[in-house]
Amino acid sequence: MKLNELSDIEGATHSRKRVGRGIGSGKGKTGGRGVKGQKSRSGVAINAFEGGQMPLYRRLPKRGFVNIFSKNYNTVSVGRLQQAVDAGKLDASAPVDGAALIAAGVIRRPKDGVRLLGDGELTAKLTLTVAGASKSAIEKVEKAGGSVTATVVRKSSDAAEAASA
């Protein structure tokens, strides 16, 4: 047996029923949709309608909260920055910010800023300007001789205590 000799078993596949092709076809005139009514028309989508019964999405209680003011940050690891420097796409001597990361192909679009994470290793001396950074990321950058400037200062309980004292 060869690949070009393979075929389905007789009766395994059925040809599609072509509806609305005349009375003699057996599915002519109304095309199997019955007579009149919303569902006989085109473009009908009665999602979640349960025949007048209270729909499931209304029977269940509301849960959770969506913060409309939340920020959507790009996350970049220090290991990814080192990859870009090694590949010659990121200039280690120039300041690194969102625009430089987009030009280097590290991130695709700016979103609400860049957040630096501490995954991986960093040997290049970089001057970073980012929206925020994790403690481990700041330690790794400073250990390599670079610096991190955070443009977004996050409110924390420590800052609130210092302000009240």
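Reader: Is Ala48 buried, exposed or partly exposed?
Author: At 42% relative accessibility, Ala48 counts as partly exposed. Buried means under 20% relative accessible area, exposed over 50%, and partly exposed in between, with a 1.4 Å probe and protein chains only. This is a predicted model, in which local features need pLDDT of at least 70 and side-chain atom pairs count only at pLDDT 80 or more, while totals for chains, interfaces and linings use all residues. Residues are numbered from 1 along each chain as its sequence is written, and side-chain values use heavy atoms, with hydrogens and water left out.

Reader: Where does Ala48 lie, and what is its phi?
Author: Ala48 lies in the segment before α1 (56–59). Helices (H or I, at least four residues) and strands (E, at least two) are DSSP runs, numbered from the N terminus. The phi of Ala48 is near 65°, a positive value in a residue other than glycine. Most residues other than glycine have a negative phi.

Reader: What is the phi of Lys111, and where is its place?
Author: Phi is near 50° for Lys111, again a positive value in a residue other than glycine. Lys111 sits in the loop between α3 and β2 and is partly exposed, with a relative accessible area of 43%.

Reader: Now the sheet: which strands form it, and in what order?
Author: Three strands make up an open sheet, in the order β1-β2-β4, and the pairing is parallel. Two strands pair if DSSP finds at least two bridges between them.

Reader: Which strands stand at the edges?
Author: β1 (74–77) and β4 (132–133) do; each has a single partner strand, so one side of each is left without a neighbour in the sheet.

Reader: How many bridges join β1 to β2?
Author: Four bridges join β1 to β2 (residues 114–117), and the two strands run parallel. Within this pairing, Val76 has Leu116 in β2 as its bridge partner.

Reader: What about Asn74, buried or exposed?
Author: Asn74, found in strand β1, is buried, with a relative accessible area of 8%. Its side chain reaches the backbone oxygen of Pro110 at 3.1 Å. A polar contact is a pair of N or O atoms within 3.5 Å; within protein, one must be able to donate a hydrogen and the other to accept it, and residues adjacent in sequence count only if both atoms are side-chain atoms.

Reader: Which residues does Asn74 touch?
Author: Not counting residues up to four places away in sequence, Asn74 touches Ile107, Arg109, Pro110, Lys111, Gly113, Val114 and Arg115. Contact means heavy atoms within 4.5 Å.

Reader: Which helix lies across β1 and β2?
Author: Helix α2 (residues 78–86) does, running at about 70° to β1. Axes are lines fitted to C-alpha atoms, for helices over the stretch in contact, and angles run from 0 to 180 degrees between N-to-C directions.

Reader: Which residues of α2 are buried, and what covers them?
Author: The buried ones are Val78, Gly79, Leu81, Gln82, Ala84 and Val85. Their cover includes β1, α3 (98–104), β2, β3 (127–130) and α4 (135–143). After α2 comes Gly88, whose phi is positive, near 80°.

Reader: Which residues touch the most other members of the largest nonpolar core?
Author: Of its 22 residues, they are Leu81, Leu90, Leu101, Leu116 and Leu126. At least two residues of this core come from each of α2, α3, β2, β3 and α4, and α2 gives the most, with four residues. A nonpolar core is a set of buried Ala, Val, Leu, Ile, Met, Phe, Trp, Tyr and Cys residues joined through side-chain atoms within 4.5 Å.

Reader: What is Leu81 in contact with?
Author: Leaving aside neighbours within four places in sequence, Leu81 is in contact with Val76, Leu90, Leu101, Leu116, Leu126 and Leu128.

Reader: How many salt bridges does the count come to?
Author: The count comes to one salt bridge, where the side chains of Arg59 and Glu50 meet at 3.1 Å, N to O. A salt bridge is a side-chain nitrogen of Lys or Arg within 4 Å of a carboxyl oxygen of Asp or Glu. Arg59 is partly exposed, with a relative accessible area of 43%, and Glu50 is partly exposed, at 30%.

Reader: Last one: where does Gly120 lie, and what is it in contact with?
Author: Gly120 lies in the loop between β2 and β3. Neighbours within four places in sequence aside, Gly120 is in contact with Val78, Gly79 and Lys140.
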